[in-house]
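Here is a short briefing on one structure. The points are grouped by topic.

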Amino acid sequence: MNDSTSARDGMITDMEKRGIRDARILDAMRHIPREKFVDPQLAAQAYCDMPLPIGEGQTISQPLMTAMMIEAACIEPPHRVLEIGAGSGYSAAVLGRLAQRVWTIERLARLARFAGARIAELGLANVTVLRGDGTAGWAPAAPFNAILVTASGPSVPAPLRQQLAIGGRLIIPVGPDGNSQRLLRITRNNRDDFAEEDLGAVAFVPLIGEHGFAEPAGHRQR
Ligand code: SAM
């Protein structure tokens with residue numbers, strides 16, 4: 001067993017102890033090499049339970065948070081899943097092992113390119129990385145059984161609610177600023193009825209876009 005495999009096994013054991021029960025999620029995370037989704041200089045920290053910088057002021061989420069969000073989304077093998085905030089591509093790669101089809105959207109072109117390249121290297125042909133403003137969702141592939149948003153907005157973007165299948169779940173952090181975000185699970189019971197659950201306090205980077213926060217002044221997207 002090499003160092004990264006034993007570190008990965010350690011991360012999985014830790015996540016089990018901290019409450020992740022779904023064996024499919026643990027197995028998917030056991031198969032995705034997280035060290036490939038971070039800068040080579042940070043590879044030694046890839047299996048520590050913390051977010052890590054991925055450039056452009058963004059982060060790869062803490063593995064426990066990734067697992068908790070996926071568990072909350074109740075993903076089954078036939079599902080079609082949309083992720084907003086591809087970042088490194090890691091969570092999309094994990095989702096690719098759990099669902100039939102995954103689309104992930106990233107607003108920053110350089111991150112989207114890297115995420116796409118890593119996912120292609122792993123041969124995950126059911127995962128598509130798109131570049132754009134994910135607050136508008138991805139209408140051509142809707143409806144989705146699950147939508148996961150890995151950045152925090154001021155409110156729940158209306159297009160994401162509308163692109164949920166009946167019975168589908170939207171997992172999204174929402175809050176006015178970085179200090180008071182709540183992770184929400186929104187379930188679409190029928191066309192006009194959505195149930196909302198509060199899954200607790202979280203801390204994510206901002207969701208920037210038409211139905212999110214405004215882009216910071218003087219900050220040009222590349
Ligand atoms: N899922 C990622 C991973 O596994 O590495 C973590 C993503 S990081 C916490 C959040 C990402 O959301 C950032 O890369 C950021 O650029 C992106 N983001 C923010 N607003 C966005 C938007 N409107 N559409 C798409 N991506 C967005």
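Helices and strands here are DSSP runs, numbered from the N terminus; a strand is a run of E with at least two residues. By that scheme, Leu199 belongs to strand 9, residues 193-202. The model is predicted.

**Ligand site**

- The ligand is surrounded by 27 residues. Ser88, Ser91, Glu106, Gly134 and Ile208 are the closest.
- The largest pocket is the space that the ligand takes.
- By class, the shell around the ligand holds 12 nonpolar, 11 polar and 4 charged residues.
- At least two shell residues come from each of strand 2 (58-60), strand 3 (80-84), helix 4 (90-96) and strand 4 (101-106).
- Strand 2 contributes the most to this shell, with 3 residues.

- Ser88 places a polar side-chain atom 2.6 Å from an oxygen atom of the ligand.
- In the side chain of Glu106, an N or O atom is 2.6 Å from an oxygen atom of the ligand.
- On its own, the ligand has 610 Å² of accessible area, and the protein covers 99% of that.

**Helix 3**

- Helix 3 spans residues 63-72. Why is helix 3 described as largely enclosed by the rest of the structure? Because 8 of its 10 residues are buried, where buried means under 20% relative accessible area.
- The buried residues of helix 3 are Pro63, Leu64, Met65, Thr66, Ala67, Met69, Ile70 and Ala72.

**Arg8 in helix 1**

- Arg8 sits in helix 1, residues 3-17.
- Is Arg8 buried or exposed? Arg8 has a relative accessible area of 11%, so Arg8 counts as buried.
- The Arg8 side chain reaches the backbone oxygen of Arg30 at 3.1 Å.

- Leu199 has a relative accessible area of 34%. Leu199 is therefore partly exposed, because that class lies between the 20% and 50% cut-offs.
- How far apart in space are Leu199 and Ile172, C-alpha to C-alpha? The distance is 9.8 Å, while in sequence Leu199 and Ile172 are 27 residues apart.

Methods. Residues are numbered from 1 along each chain as its sequence is written. This is a predicted model: local features need pLDDT of at least 70, side-chain atom pairs count only at pLDDT 80 or more; totals for chains, interfaces and linings use all residues. Side-chain values use heavy atoms; hydrogens and water are left out. A residue is near a molecule or strand if one of its heavy atoms lies within 4 Å of it. A polar contact is a pair of N or O atoms within 3.5 Å; within protein, one must be able to donate a hydrogen and the other to accept it, and residues adjacent in sequence count only if both atoms are side-chain atoms. Accessible areas come from the Shrake-Rupley method with a 1.4 Å probe; for residues, only the protein chains shown count as cover. On a 1 Å grid over the protein atoms alone, a cavity is a set of points where a 1.4 Å probe fits but cannot get out, and a pocket is an open set with protein on both sides within 12 Å along at least five of seven lines; lining residues have an atom within 4 Å of a point. A molecule sits in a cavity or pocket if more than half of its atoms lie within 2 Å of its grid points. Helices (H or I, at least four residues) and strands (E, at least two) are DSSP runs, numbered from the N terminus. Ala, Val, Leu, Ile, Met, Phe, Trp, Tyr, Cys and Pro count as nonpolar, Asp, Glu, Lys and Arg as charged, and the others, Gly among them, as polar. Buried means under 20% relative accessible area, exposed over 50%, partly exposed in between (1.4 Å probe, protein chains only).
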